[in-house]
Amino acid sequence: MYESIEHVFHAAIEYSILILEIIGAILILIAAVKGLILLIKKDPDNRIELVEGIATALGFLLAGEALKTIVAPDWRTIGKTCAVLAMRVAMHLLIHWEVVNEKKEHAEHHEDAH
């Protein structure tokens, strides 16, 4: 009985990881297409839109990485997963910092124009 519950739990986690990674990939693709369209239109907000889309996608990818630690079979896999998780957290923080600075710079540019 315990083994069947554990099997269902692992399967649910594995499917959840897959769904989160698919959502993250789709969001990155949408952000890239939207960024390209805004770049073609020469919209000054294209970088902000692209970076915000990537940041949103990274949130889903981070959730998937966190779930991977639950079903990791050994400490080596947990270590690798934690390293990937740490890199994605660092990227997420860097992207957040970039968005804040870009918005500040954009607001200053609009103030100077008026």
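Residues are numbered from 1 along each chain as its sequence is written, and side-chain values use heavy atoms, with hydrogens and water left out. Because the model is predicted, local features need a pLDDT of at least 70 and side-chain atom pairs count only at pLDDT 80 or more, while totals for chains, interfaces and linings use all residues.

The secondary structure of the chain comes to 3 helices and 0 strands, where helices (H or I, at least four residues) and strands (E, at least two) are DSSP runs numbered from the N terminus. Along the sequence the pattern is α-α-α. Helix H1 covers residues 2-40 and helix H2 residues 46-71, and helix H3 covers 75-113. The C-alpha trace spans about 70 × 25 × 20 Å along its principal axes. The radius of gyration of the chain is 19 Å, whereas a compact globule of 114 residues would have one near 13 Å; this radius is taken over C-alpha atoms, and the globule rule is 2.2 Å times the number of residues to the power 0.38.

Confidence is expressed as pLDDT, the predictor's confidence in each residue, from 0 to 100. The chain averages 87, and 96% of the residues score at least 70. Confidence is highest in H1, at a mean of 93, and lowest in H3, at 82.

The accessible surface of the chain comes to about 8,200 Å², of which 70% belongs to carbon and sulfur atoms; such areas come from the Shrake-Rupley method with a 1.4 Å probe, and for residues only the protein chains shown count as cover. Of the 114 residues, 23% count as buried, where buried means under 20% relative accessible area, exposed over 50%, and partly exposed in between (1.4 Å probe, protein chains only). Among contacts (heavy atoms within 4.5 Å) between residues at least 6 apart in sequence, 72% join residues at least 24 apart.

Side chains of opposite charge can pair when their charged atoms come close. A search of the whole structure finds 5 salt bridges, each being a side-chain nitrogen of Lys or Arg within 4 Å of a carboxyl oxygen of Asp or Glu. In one of them, the closest N and O atoms of Glu-21 and Lys-68 are 2.9 Å apart. This pair links distant parts of the chain, with Glu-21 in helix H1 and Lys-68 in helix H2, 47 residues apart. Glu-21 is partly exposed, with a relative accessible area of 25%, and Lys-68 is also partly exposed, at 25%.

Lys-68 forms another salt bridge with Glu-65, the closest N and O atoms being 3.3 Å apart. Glu-65 and Lys-68 are separated by about one helical turn because they lie 3 residues apart in helix H2. Glu-65 is buried, with a relative accessible area of 4%. Salt bridges that share partners join Glu-21, Glu-65, Lys-68 and Arg-88 into one network. Leaving aside residues up to four places away in sequence, Glu-65 touches Glu-21, Thr-81, Val-84, Leu-85 and Arg-88. Thr-81 lies in helix H3 and counts as buried, at 8% relative accessibility. Beyond its neighbours within four places in sequence, Thr-81 is in contact with Glu-65, Lys-68 and Thr-69.

A further salt bridge joins Glu-49 to Lys-34, with the closest N and O atoms 3.0 Å apart. Here too the pair links distant parts of the chain, Glu-49 in helix H2 and Lys-34 in helix H1, 15 residues apart. Glu-49 counts as partly exposed at 28% relative accessibility, and Lys-34 is partly exposed at 40%.

The nonpolar residues complete the picture. In soluble globular proteins, nonpolar side chains tend to be buried together. A nonpolar core is a set of buried Ala, Val, Leu, Ile, Met, Phe, Trp, Tyr and Cys residues joined through side-chain atoms within 4.5 Å. The largest one here has 6 residues: Val-51, Ala-55, Leu-58, Leu-61, Ile-95 and Val-99. H2 and H3 each supply at least two residues of this core, and H2 gives the most, with 4 residues. Apart from its neighbours within four places in sequence, Val-51 is in contact with Ile-95, Glu-98 and Val-99. A second, separate core of 5 residues includes Ile-13, Leu-20, Leu-67 and Val-71.
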